[in-house]
Amino acid sequence: MIKTLDQLKTGESGKLVSYNEGGDTELKRHLMGMGFVRGSQITLEKIAPLGDPYEYKVKGYSVCLRKEEARNIEVEIVE
């Protein structure tokens, strides 16, 4: 099942499949440099009390993304 990062539930994981077209290319390059590459496992750790930003765990460290940024990254759910 394919979802975008903003659709994950807390504790749910997925393997990065692709970046949607129309996203910020500078942000995409920055994220790829931090380990958001195809096949990486990404887990939603927490959601801020007001619903934005989201905290994800990737390659052993935590990264916070805004909802609109997370909406541009597709993952395949890991069972």
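User: Which backbone atom lies 3.2 Å from a polar atom of the Asn-20 side chain, and how is such a pair to be read?

Analyst: A polar contact is a pair of N or O atoms within 3.5 Å; within protein, one must be able to donate a hydrogen and the other to accept it, and residues adjacent in sequence count only if both atoms are side-chain atoms. Here the backbone oxygen of Arg-71 lies 3.2 Å from a polar atom of the side chain of Asn-20. The model is predicted: local features need pLDDT of at least 70 and side-chain atom pairs count only at pLDDT 80 or more, while totals for chains, interfaces and linings use all residues. Residues are numbered from 1 along each chain as its sequence is written, and side-chain values use heavy atoms, with hydrogens and water left out.

User: Where is Asn-20 found, and which residues is Asn-20 in contact with, leaving aside neighbours within four places in sequence?

Analyst: Helices (H or I, at least four residues) and strands (E, at least two) are DSSP runs, numbered from the N terminus. Asn-20 is found in the loop between strand E2 (13-19) and H1. Contact means heavy atoms within 4.5 Å. Apart from neighbours within four places in sequence, Asn-20 is in contact with Thr-4, Arg-71, Asn-72 and Glu-74. The C-alpha atoms of Asn-20 and Val-58, by comparison, are separated by 19 Å.

User: Is Asn-20 buried, exposed or partly exposed?

Analyst: Buried means under 20% relative accessible area, exposed over 50%, and partly exposed in between (1.4 Å probe, protein chains only). Asn-20 has 25% relative accessibility and therefore counts as partly exposed. Glu-74, one of its contacts, is likewise partly exposed, at 22%. Glu-74 lies in strand E6 (residues 73-77) and touches, among others, Ile-2, Lys-3, Lys-15 and Val-17.

User: In what order do the strands form the sheet?

Analyst: Strands of a sheet pair through backbone hydrogen bonds, either parallel or antiparallel. Two strands count as paired if DSSP finds at least two bridges between them. In this model six strands form an open sheet in the order E1-E6-E2-E3-E4-E5, with antiparallel pairing. Strand E1 (2-4) and strand E5 (61-65) stand at the edges with a single partner strand each, so one side of each has no neighbour in the sheet. Neighbouring strands are turned by 45° against each other on average, direction ignored; for such angles, axes are lines fitted to C-alpha atoms, for helices over the stretch in contact, and angles run from 0 to 180 degrees between N-to-C directions.

User: How many bridges join E3 and E4, and how many join E4 to E5?

Analyst: Strand E3 (residues 41-47) and strand E4 (residues 54-58) pair over five bridges in the antiparallel sense. Within this pair, Leu-44 stands opposite Tyr-56, and Lys-46 stands opposite Glu-55. The two strands form a hairpin with six residues between them, and Gly-51 in the turn has a positive phi of about 90°. Five bridges also join E4 to E5, again antiparallel. Their hairpin has two residues between the strands, and Lys-59 takes a positive phi near 50°. Four of the five residues of E4 are buried, so this strand is largely enclosed by the rest of the structure.

User: How many aromatic pairs does the structure hold?

Analyst: Rings of Phe, Tyr and Trp (its six-membered ring) pair if their centres lie within 6.5 Å; planes under 30 degrees apart count as stacked, over 60 as edge-to-face and the rest as tilted. The structure holds one such pair. Tyr-54 and Tyr-56 are edge-to-face, 6.2 Å centre to centre and 75° between the planes. Tyr-54 is buried at 5%, and Tyr-56 is buried at 0%.

User: How many salt bridges does a search of the whole structure find?

Analyst: A salt bridge is a side-chain nitrogen of Lys or Arg within 4 Å of a carboxyl oxygen of Asp or Glu. The search finds six. Among them, Glu-55 meets Lys-46 at 3.8 Å, N to O, and Glu-55 is buried, at 18%. Arg-29 joins Glu-26 at 2.7 Å; both residues are exposed. Arg-29 and Glu-26 are three residues apart in helix H1 (residues 25-33), and are therefore separated by about one helical turn. Finally, Arg-66, Glu-68 and Glu-69 are linked in a network of salt bridges.
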